[in-house]
Amino acid sequence: MSTTQPRAARNTTTRDRHRAQIRRAKPPCGICGADIDYGLPHLDPGAFVVDHIVPLAKGGADTLENKQAAHRLCNRVKSDKTDESGLVTIRVFVTDRCWW
Ligand SMILES: [Zn+2]
């Protein structure tokens, strides 16, 4: 029995594959340029997250070319700076310094 699932815009299978590909290459943070400790727990501010170079909200593609590795906190600071949707109102301390 085959279920015909609607092809959702958010394809988690592709996402997982991209995440795994990036993680395997262990690149430095695309935002601050410092190394990422890929062994950190997911919720650690310095943990690896996938950052969209052009945010999806701004028409960025969900492709590997539009993705880079970033620290969790760098990613949050970036989205805080670039997100104009007004949905994210949490203010993160923004600084030019990188403390990793
Ligand atoms: Zn960073």
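## First stop: asparagine 66

Begin by selecting asparagine 66, which has a relative accessibility of 9% and therefore counts as buried, since the cut-off for buried is under 20% relative accessible area. Keep in mind throughout the tour that this is a predicted model. Asparagine 66 sits in the loop between strand 1 and strand 2 (67-71). Now show the side chain of asparagine 66, and follow it to the backbone oxygen of alanine 61, which it reaches at 2.8 Å. If you leave aside the neighbours within four places in sequence, asparagine 66 is in contact with Asp51, His52, Ile53, Val54, Gly60 and Ala61. Two of the residues in that list, Asp51 and Ile53, are the next stops.

## Aspartate 51

Select aspartate 51, which you will find in strand 1. Although aspartate 51 and asparagine 66 are 15 residues apart along the chain, their C-alpha atoms are separated by 8.3 Å. Is aspartate 51 buried or exposed? With a relative accessible area of 3%, aspartate 51 is buried. Next, show the side chain of lysine 78 as well, because a polar contact of 2.9 Å joins the side chains of aspartate 51 and lysine 78. Leaving aside residues within four places in sequence, the contacts of aspartate 51 include Ile31, Gln68, Ala70 and Asn75.

## Isoleucine 53

Move on to isoleucine 53, which lies in the loop between strand 1 and strand 2. Isoleucine 53 has a relative accessible area of 39% and is partly exposed. Not counting residues up to four places away in sequence, isoleucine 53 touches Glu65, Asn66, Lys67, Gln68 and Lys78. Select glycine 30 too, and you can follow a separation of 8.6 Å between its C-alpha atom and that of isoleucine 53, although the two residues are 23 apart along the chain.

## The zinc ion

Which residues coordinate the zinc ion? Select the ion together with Cys29, Cys32, His71 and Cys74, which coordinate it through SG, SG, ND1 and SG respectively, at 2.0 to 2.4 Å. The angles among the four donor atoms run from 104 to 116 degrees, and the site is tetrahedral. If you look for the donor residues in the sequence, you will find them spaced C-x2-C-x38-H-x2-C. Histidine 71 and cysteine 74 are both buried.

## The aromatic pair

The structure holds one aromatic pair. To see it, select tyrosine 38 and phenylalanine 48, whose ring centres are 5.0 Å apart and whose planes stand at 40 degrees, so the pair is tilted. Tyrosine 38 belongs to the loop between helix 1 (12-25) and strand 1 (48-52), while phenylalanine 48 belongs to strand 1, so the pair ties together parts that are ten residues apart in sequence. Both tyrosine 38 and phenylalanine 48 are buried.

## The whole chain

Finally, clear the selection and show the protein chain, which has two helices and two strands. From the N terminus on, these elements run α-β-β-α. Of the 100 residues in the protein chain, 27% are buried. Among contacts between residues at least 6 apart in sequence, 53% join residues at least 24 apart.

Conventions
Residues are numbered from 1 along each chain as its sequence is written. This is a predicted model: local features need pLDDT of at least 70, side-chain atom pairs count only at pLDDT 80 or more; totals for chains, interfaces and linings use all residues. Side-chain values use heavy atoms; hydrogens and water are left out. Rings of Phe, Tyr and Trp (its six-membered ring) pair if their centres lie within 6.5 Å; planes under 30 degrees apart count as stacked, over 60 as edge-to-face and the rest as tilted. Helices (H or I, at least four residues) and strands (E, at least two) are DSSP runs, numbered from the N terminus. Buried means under 20% relative accessible area, exposed over 50%, partly exposed in between (1.4 Å probe, protein chains only). Donors are N, O and S atoms within 2.8 Å of the metal (3.2 Å for Na, K and Ca); water is not among the atoms, so sites may look incomplete. Four donors count as tetrahedral if all angles lie between 85 and 135 degrees; four count as square planar and six as octahedral if opposite donors are over 155 degrees apart and all others between 65 and 115; anything else is irregular. Contact means heavy atoms within 4.5 Å. A polar contact is a pair of N or O atoms within 3.5 Å; within protein, one must be able to donate a hydrogen and the other to accept it, and residues adjacent in sequence count only if both atoms are side-chain atoms.
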